[in-house]
Amino acid sequence: MPETGWKDFRFEGIGTSWEISTPRPLDPPLRRRLLGLVERFDADWSRFRADSRVAALARDAGQYGFPTEAGPLGRLYRSLFEISGGAMTPLIGTSLERLGYDAGYSLQPSGSPEPAPAWDDVLEWTGTTLTTTAPVVLDIGAAGKGLLVDLLAAELEAAAVDAFIVDAGGDLLARGRAPVPVALEHPYNPAQAIGVVQLADHALCASAANRRAWGDGLHHVLDGTTGRPVQTAVATWAMAETGMLADALATALFFVPGTALEHAFDFSWLVVFSDGSAAYSAGFEGTLFT
């Protein structure tokens, strides 16, 4: 994807492969800062490690302080929680664990699906402070990877890197360069594409039910009101100005029609349904193959 001569910085973080492409190699101190940021983010937000702040919330009720990014993250989640009627919620972690997507990746359900707890019953999220009335398993997976993309982009920009592409396992953010064509992966065949989109100075994030799937009909996109995996949409794409927004909206599209989300957010989108049909925004910057 990068232009000829661009240099890549590759690493692993928060359970996925990362690649930062730039016209010139990143210097060692900047690379260390980027890796340190990834580690800090994981230590704060991961529900897969016992020493994280999120793990502390799962053990004991109380008041917890989180880093600066918690403010906009909480506001975005609350907005999408309300728009989706509670279907999209950061309190879905216990429901995921119950179906087998737990810290040990057992992929073995321990019971039937259960809805997420009601937000206002257990959680008050005010700025960077989270106050709980009971232990909760917070899961920010619907927006977390995109948020970390934005944090890494801010670190690059602070270091006067004015052109780059951040690739977080296929979730992309491009800044300061000409449009780059990005293939849209077929939801049932990773070797094929269903279309192509031109990406420039925006983020493009995707969500697919087949990416983290196990068992019969079990995958990671759960409806918070039921605790059950969503079965209608199979893949979504969202393009927005930031990675956090694009990532969150790619998940929200499983629960809320794109036309409804457009009333609240400036973005473009594509949804592929289980019957093979597709819906997309008037401003979708891509071309679908026939």
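Angles under 35 degrees count as roughly parallel, over 145 as roughly antiparallel, 65 to 115 as roughly perpendicular and the rest as oblique. The structure discussed here is a predicted model, in which local features need pLDDT of at least 70 and side-chain atom pairs count only at pLDDT 80 or more, while totals for chains, interfaces and linings use all residues. Numbering starts from 1 along each chain as its sequence is written, and side-chain values use heavy atoms, with hydrogens and water left out.

Helices (H or I, at least four residues) are DSSP runs numbered from the N terminus. Their axes are lines fitted to C-alpha atoms over the stretch in contact, with angles from 0 to 180 degrees between N-to-C directions.

The axes of helix 1 (residues 28-45) and helix 6 (residues 144-158) come within 10 Å and cross at roughly 155 degrees; the two helices are therefore roughly antiparallel. Contact means heavy atoms within 4.5 Å. Helix 1 contributes Leu30, Arg33, Leu34, Leu37, Val38, Arg40 and Phe41, which meet Gly144, Leu147, Leu148, Leu151, Leu152, Glu155 and Leu156 of helix 6. By class, this contact has 10 nonpolar, 1 polar and 3 charged residues, where Ala, Val, Leu, Ile, Met, Phe, Trp, Tyr, Cys and Pro count as nonpolar, Asp, Glu, Lys and Arg as charged, and the others, Gly among them, as polar.

Helix 6 also packs against helix 7 (residues 243-252), at an angle of about 170 degrees and with the axes 7 Å apart. Helix 6 is therefore roughly antiparallel to helix 7. Gly144, Lys145, Gly146, Leu147 and Asp150 of helix 6 make this contact with Gly243, Met244 and Asp247 of helix 7. The residues involved divide into 2 nonpolar, 3 polar and 3 charged.

Helix 7 has a further partner in helix 3 (residues 70-83): their axes come within 11 Å and cross at roughly 25 degrees, so helix 3 and helix 7 are roughly parallel. Pro72, Leu73, Leu76 and Leu80 in helix 3 meet Met244, Leu245, Ala248, Leu249 and Ala252 in helix 7. This contact comprises 9 nonpolar residues, with no polar and no charged ones.
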